[in-house]
Amino acid sequence: MDYEDEFADFVAGRWPTLVRAAVFLGAAPHEAEDLAQTTLVLCYRKWDRVRAADDRDAYVYRMLINTLRSDRRTSWWRKRDLRDLPDQPVGDGSEAAAIADAVHRAMSSLSIEQQNVVVLRYFVQLTEAQTAAVLGIPAGTVKSRLSRSIAALSANHHLAEFAGGSR
Amino acid sequence: MTDLEDAWNRYPTSAAPVSEILGGGRQERRARFARPALGGLVAAGVAVALAVTLNTGGGAGSADMTALSPHPPLRLVAFQADLKPAASCTQLLNTYRKRGLKQVSAYGWNGGIVPLEGGIYNGPMMKQTDGLATATVGAAPQAARGQANSSTGTNVQEVGVDEPDAVKTNGSLLVRIDGDTLAVYDLTGPQPVRVSTLALPYFDSGQILLSGTTVIALGTNTEPSADNTPTSRVVTVSLTSPAQPRITSNVTYGGTISSARQHDTNIRLVLTTGLPNLHFAQPDANGSPASTKRALAANRRIIASSTLSEWLPTVDTGNGSQQLLDCNDVAVTPASVALGTTSVIGFDASAPTSTSAIGLTGQTSIAYESTDHLYLTGAGTWMGPCACPMMSSRMIGYGGASKTAIFQFDLVGDQAAHVATGTVNGSIADRWSMDEVGGVLRVATTQVNGGGIQVSSVVTLRQSGTSLVQVGRLDGLGRGETLTAARWFDDFAVISTAQQMDPLFTVDLTDPAHPRLLGALHIPGYSSYFHPLGNGLLLGVGQNVSFNSFGERSQGQVGLFDISNLKNVRRLSVISLAQWTRPIAADDPHAFTWLPDHNVALTSFTTQSGGIVLGEFSIWDRSLSKKLITVPAVDPSTVRTMELPDGRVVLMAGGSVTFLAL
């Protein structure tokens with residue numbers, strides 16, 4: 001398969017999950033798409049390393065988390081501030097914004113570390129080992145953080161509020 | 001959980017912008033992509049829609065989920081560029097012996113090298129700081145507010161990368177280390193109250209990091225090692241009950257911790273292990289030619305029969321001393337990098353005995369860590385990764401090295417992998433002379449030209465394949481002058497040099513390929529530390545040196561600069577302190593704190609009489625005012641200020657911890 005075609009397939013396959021993961025990790029709707037795009041551009045620049053990696057998904061999500069969590073000073077985050085983008089998510093923008101808002105309120109009961117684990121392991125469905133590799137923590141820590149996070153989310157009053165609004 | 005699952009599934013996403021991504025990546029994609037494809041693309045391993053319903057009661061379900069996608073764990077290849085790991089222990093030992101033989105004399109190592117102290121080596125030269133202005137903490141754009149201390153209360157070079165210091169806070173507790181004693185304070189009352197102290201066994205001269213309620217103390221091991229070489233200690237202490245701090249692990253390393261950084265819960269150490277302490281022979285007292293020859297022959301034999309355990313660093317987690325590095329996790333550095341071993345060690349704060357470590361067969365000098373890379377530099381004349389070993393020219397002092405090698409490491413969790421090597425002409429003063437933004441490494445270098453005149457440059461480098469290649473440079477900064485401070489922003493840099501009139505240069509870095517000199521402000525007095533305050537303001541902390549019939553006089557000085565127009569930087573206000581005061585931040589920027597909410601900078605100075613004053617510099621209506629607070633005469637490295645999340649400010653001066661009324 002041609003190099004670009006292969007990457008294009010990869011992008012198409014990962015896009016929705018990456019965007020959702022970004023939203024669940026705390027990004028606003030327009031930021032999430034920006035972030036997913038930045039992450040994939042980075043992957044493309046390093047595509048031979050990504051595809052040679054034991055595990056592409058672990059690599060990609062590590063880049064996503066790095067870009068979101070620790071690299072806010074550079075490119076996408078900064079440009080976002082400067083450009084002062086109008087909020088233009090796809091489809092019904094208000095739906096995306098409403099969901100994102102509810103998700104953020106629900107997730108705010110968790111620490112950043114817990115959010116990382118619950119998004120990667122539970123929602124993106126990386127394996128325990130992949131999640132551990134992405135976050136650079138022991139697999140046992142993934143397990144314990146996940147169980148605490150899920151317990152916290154189920155007990156969280158924001159969930160009930162959200163359930164009330166969406167059902 | 002079902003509601004969040006519902007949100008996950010319902011969240012609308014656009015079509016993937018494939019062509020934009022290809023277009024964006026194509027411009028800079030590495031040239032060496034044309035490898036045979038690894039076979040068809042594996043079907044997306046990530047399920048987009050969620051099919052699993054989890055038992056929300058707790059950790060149940062993990063086992064079944066593991067079965068869903070059978071990906072092997074991600075493992076990093078430790079050496080991906082020109083540095084090659086040793087093929088075997090025999091090969092590694094041969095490298096050490098061969099290079100050792102070139103260096104040994106009749107008197108031992110180069111006629112006797114002074115071993116580094118164990119513990120934390122803060123590096124020589126300029127200082128240990130620097131940074132950026134447009135960084136953000138949390139969601140608030142930092143650009144408007146300047147850079148506040150890290151979440152543990154330390155003024156750091158890189159937002160998101162914490163640095164060890166004498167004191168740390170989590171907002172409600174404060175921990176400080178003094179010698180071997182850790183002291184814990186409760187900050188929730190009207191005054192800080194010391195709630196406990198804990199003596200760390202065989203520990204001295206330490207600094208600490210704080211991860212949650214875990215203190216990671218890094219210092220010198222005072223228990224003599226078997227071969228009398230310096231060793232270091234990493235002790236973790238749990239503050240789960242602050243009144244009863246508890247040692248949870250105690251690890252010793254053979255060598256000196258030359259750098260420690262923390263990203264989230266990941267701790268990374270750079271450990272420098274010098275030449276082994278072998279039982280060398282000596283010529284007789286007269287140094288007669290015959291005895292010199294005999295001693296040299298004996299010393300050569302000693303090296304030829306040296307063992308790997310004498311060369312490689314050890315680690316002891318409490319179960320006896322072991323070799324820290326596997327032979328095939330050690331790469332051979334160019335012969336020009338001083339012989340010894342540098343180890344890059346990573347661990348999670350919750351598992352300090354479970355480390356990952358890789359090593360180099362050379363002693364690197366500066367460690368700079370960005371949010372996703374570690375850079376180590378090795379000074380010396382470096383000829384590239386060819387098989388042409390040349391006699392090492394050893395490390396030459398600042399301003400003297402003709403070339404400096406830069407080794408770039410990718411950081412993934414607690415793992416590090418060497419991914420590229422580059423060289424720059426000249427020498428690099430300290431870690432604050434380096435900065436990485438958006439994949440571009442910017443470095444301030446100083447070279448001595450043919451006429452013996454030193455001159456500084458800004459060089460930009462980018463990873464291309466396995467090399468860090470120069471993409472641009474700007475030369476001719478401060479001819480005949482000494483580089484005193486550099487501060488890096490996303491798109492520009494402010495650089496100060498000193499001689500008699502002291503210029504402050506602004507360099508445009510918008511296009512990494514073409515760094516441009518935008519302006520030079522010539523003012524009396526130089527800055528040795530710059531701090532971005534946001535809103536186009538920059539604070540310079542330094543000294544004013546004057547010459548008159550009595551000779552040289554100097555005094556501490558703080559200047560407020562308007563950098564909103566980089567072509568026309570202006571000094572808005574300047575405050576001088578008493579004669580012979582000297583800013584501590586010149587050597588250690590941890591002695592500086594910017595309080596964005598108060599518009600106040602706190603920074604301390606040593607005085608002529610050996611005392612210390614803390615300067616409180618308020619910025620109001622684009623001008624500076626000062627208030628001086630006399631601090632008890634203590635070790636300058638124990639004078640620290642930090643702001644708590646509730647806005648209160650703590651002043652620590654030696655054993656005195658108080659709230660500071662602004």
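Across all chains of this predicted model, there is one disulfide. Its partners are Cys89(B) and Cys327(B), whose sulfur atoms sit 2.0 Å apart. The torsion about their S-S bond is about 100°, so this disulfide is right-handed. Cys89(B) belongs to helix α4 (residues 89-103) of chain B, while Cys327(B) is found in the loop between β15 (321-323) and β16 (330-331) of chain B, so the bond ties together parts that are 238 residues apart in sequence.

| Cysteine | Relative accessible area | Class |
|---|---|---|
| Cys89(B) | 39% | partly exposed |
| Cys327(B) | 5% | buried |

Because buried means under 20% relative accessible area, Cys327(B) at 5% falls in that class.

Now let's turn to chain A. Its secondary structure consists of 10 helices and zero strands, and reading along the sequence gives the pattern α-α-α-α-α-α-α-α-α-α. Of the 167 residues in chain A, 63% are buried. If you take the contacts in chain A between residues at least 6 apart in sequence, 66% of them join residues at least 24 apart. The accessible surface of chain A is about 5,500 Å², and carbon and sulfur atoms account for 50% of it.

One helix of chain A deserves a look of its own. Helix α8 (residues 128-135) has seven of its eight residues buried, so the rest of the structure largely encloses it. Among these buried residues are Glu128(A), Gln130(A) and Leu135(A). Just after α8(A) comes Gly136(A), with a positive phi of about 65°.

Conventions. Residues numbered from 1 in each chain as written. Chains lettered and ligands numbered in written order. Predicted model: local features only at pLDDT ≥ 70, side-chain atom pairs only at ≥ 80, totals over all residues. Heavy atoms only, no water. Disulfide = S-S within 2.5 Å. Helix = DSSP H or I, 4+ residues; strand = E, 2+ residues; numbered from the N terminus. Buried < 20%, exposed > 50% of the residue type's maximum accessible area, 1.4 Å probe, protein only. Contact = heavy atoms within 4.5 Å. Areas by Shrake-Rupley, 256 points an atom, 1.4 Å probe, with all protein chains shown as cover.
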